[in-house]
Amino acid sequence: IVFANRMCSITHAIIAVYCFTNVVLVKLPDMNTSSRWFLPLDYLQESDPTYHWVVPILVAYAAADTVYMFIWEMDMIFVYHHLAVIIGVLPLHLCEHGWMMAVVATVLAEFTNPLQNTRQYAYDFGFDTINKVLYVPFMLIFTSFRGFIMPTVLIDYFIFIFLESHSNDPSIQFSLSCMKLCWLIFAAGCLGSLIWLKDAVAEFVGSFKKAKIV
């Protein structure tokens, strides 16, 4: 059952990256970015039933993996992580506007997961050669996304939500209120990633120093 869970995780990550990236690319031409201060992205796009199904699939996976991690592995860090994802994404799905914030965040959060999961599961199941081959590419990609790209987009979220001016339409103002709450959750998650990344980079640098000594 552990192996099956790992395969589901990798499959979910690959499908999520493909689907959510395509949604961003499809909706990009419709974005009104003329008044944007930073990145050319509009996070207040109105919900689109054609593509809106991608968000509940993310929530469903997070809920299912939460149950699995709690019952079979008792991994409370993953349980809290998935609960934070659900709390951070579900309001954006339910609002009339703001779902694009969840879509962009998912692309960035899941982009490194196929490689990360493959390397982790190679380690878990004893495939040492695969684990070693993927170590450097994983660290380069993970550091780029979690150390630079995601914090940059998080700053752009802040600028868009808290500093830029928006319509006084009640539905938009309500969506912005939900986005503020979600931004706090995303910021906490980003901080956690940076803390984990610091330890991972230290381990990465240390392994190269040991290799040189040997």
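Q: Does K27 count as buried or exposed?
A: The terms rest on relative accessible area: buried means under 20%, exposed over 50%, and partly exposed in between, with a 1.4 Å probe and protein chains only. K27 has 9% relative accessibility and so counts as buried. The structure is a predicted model, in which local features need pLDDT of at least 70 and side-chain atom pairs count only at pLDDT 80 or more, while totals for chains, interfaces and linings use all residues. Residues are numbered from 1 along each chain as its sequence is written, and side-chain values use heavy atoms, with hydrogens and water left out.

Q: How many salt bridges does a search of the whole structure find?
A: Side chains of opposite charge can pair when their charged atoms come close. A salt bridge requires a side-chain nitrogen of Lys or Arg within 4 Å of a carboxyl oxygen of Asp or Glu. Throughout this structure, the search finds four salt bridges.

Q: Which residues are linked with K27 in a network of salt bridges?
A: The network joins K27 to D30 and D48. Between K27 and D30 the N to O distance is 3.9 Å, and between K27 and D48 it is 2.9 Å. Helices here are DSSP runs (H or I, at least four residues), numbered from the N terminus. D30 counts as exposed, at 53% relative accessibility, whereas D48, at 15%, counts as buried.

Q: Where in the chain do E164 and R36 lie?
A: E164 and R36 form a salt bridge whose closest N and O atoms are 2.9 Å apart. E164 sits in the loop between helix 6 and helix 7, and R36 in the loop between helix 1 and helix 2; the two are 128 residues apart. E164 is buried, at 8% relative accessibility, and R36 is buried at 11%.

Q: How many aromatic pairs does the structure hold?
A: A pair of aromatic rings is described by the distance of the centres and the angle of the planes. Rings of Phe, Tyr and Trp (its six-membered ring) pair if their centres lie within 6.5 Å; planes under 30 degrees apart count as stacked, over 60 as edge-to-face and the rest as tilted. This structure holds 10 such pairs. One of them is the tilted pair of Y157 and F186, with 6.2 Å from centre to centre and 45° between the planes. Y157 is in helix 6 (residues 128-163) and F186 in helix 7 (residues 170-213), so that this pair spans 29 residues of the chain. Both Y157 and F186 are buried.

Q: What are the centre distance and plane angle for the rings of F158 and W183?
A: The centres are 5.3 Å apart and the planes lie at 55°, so this pair is tilted as well. With F158 in helix 6 and W183 in helix 7, the pair ties together parts that are 25 residues apart in sequence. F158 is partly exposed, at 32% relative accessibility, while W183 is buried, at 15%.

Q: Which residues touch the most other members of the largest nonpolar core?
A: A nonpolar core is a set of buried Ala, Val, Leu, Ile, Met, Phe, Trp, Tyr and Cys residues joined through side-chain atoms within 4.5 Å. The largest one has 42 residues, of which Y43, M101, V103, Y157 and M179 touch the most other members. Helix 4 (99-110) is among the helices that supply at least two residues, and its nine residues are the largest share. Beyond its neighbours within four places in sequence, Y157 is in contact (heavy atoms within 4.5 Å) with Y43, M101, V104, A105, W183 and F186. A second, separate core has seven residues, including Y135, F138, M139 and F142. Y157 also belongs to a cluster in which ring pairs link Y43, Y157, F160 and F186.
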